[in-house]
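Colleague: I am new to this structure and would like to learn how to read a few of its features. Could we go through them one by one?

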Amino acid sequence: MKGFEFGFNNSWNLLIVLFASVFIGVVFNIFVTSLIKDKTVYNLVVNTATIPMFMLSGAFWPFDYMSSILQSIGNFLPTRWIIKLQNSGDILSIMPIIGALLLVSLLLFVLSIFFTRNKIVLVND
């Protein structure tokens, strides 16, 4: 069966990883939006959270260059899980990490619903 050809060996894995990445990114932004209503503060919080997450996950430089303490923090972040998924072999080997990403997304989504329903806002307009 000829599938999608992206120049990678496992194009279905790539599509699954991209879907999980986009999904957790959107849910993270929904979560932050449910807590922060001011646009300026929202942009500040999102940039302050995402840039260090990518740095500690090994997206900007090799993960092995960091100290063991920073590596242990980076291993806890979902962005590191996504980077690990890009180098994985078959679909069955990535399913536990995809499940964890979807579980974190679901948790953030439920929390954003809770904060929105109870009108819990950290920063108002």
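This is a predicted model: local features need pLDDT of at least 70, side-chain atom pairs count only at pLDDT 80 or more; totals for chains, interfaces and linings use all residues.

Modeller: Residues are numbered from 1 along each chain as its sequence is written, and side-chain values use heavy atoms, leaving out hydrogens and water.

Colleague: Where is Ile 16 placed, and which residues is Ile 16 in contact with, leaving aside its neighbours within four places in sequence?

Modeller: Ile 16 sits in helix α1 (residues 11-35), and, with those neighbours left aside, Ile 16 is in contact (heavy atoms within 4.5 Å) with Ile 91, Ile 94 and Ile 98.

Colleague: How are two packed helices described?

Modeller: They are described by the angle between their axes and the distance between the axes. Here the axes of helix α4 (residues 78-86) and helix α5 (residues 91-117) come within 10 Å and cross at roughly 155 degrees. The two helices, α4 and α5, are therefore roughly antiparallel to each other, a term for angles over 145 degrees.

Colleague: Which residues of α4 and α5 make the contact?

Modeller: From α4 come Pro 78, Trp 81, Ile 82 and Leu 85, and from α5 come Ile 94, Ile 97, Ile 98, Ala 100, Leu 101 and Val 104.

How values were computed
Axes are lines fitted to C-alpha atoms, for helices over the stretch in contact, and angles run from 0 to 180 degrees between N-to-C directions. Helices (H or I, at least four residues) and strands (E, at least two) are DSSP runs, numbered from the N terminus. Angles under 35 degrees count as roughly parallel, over 145 as roughly antiparallel, 65 to 115 as roughly perpendicular and the rest as oblique.
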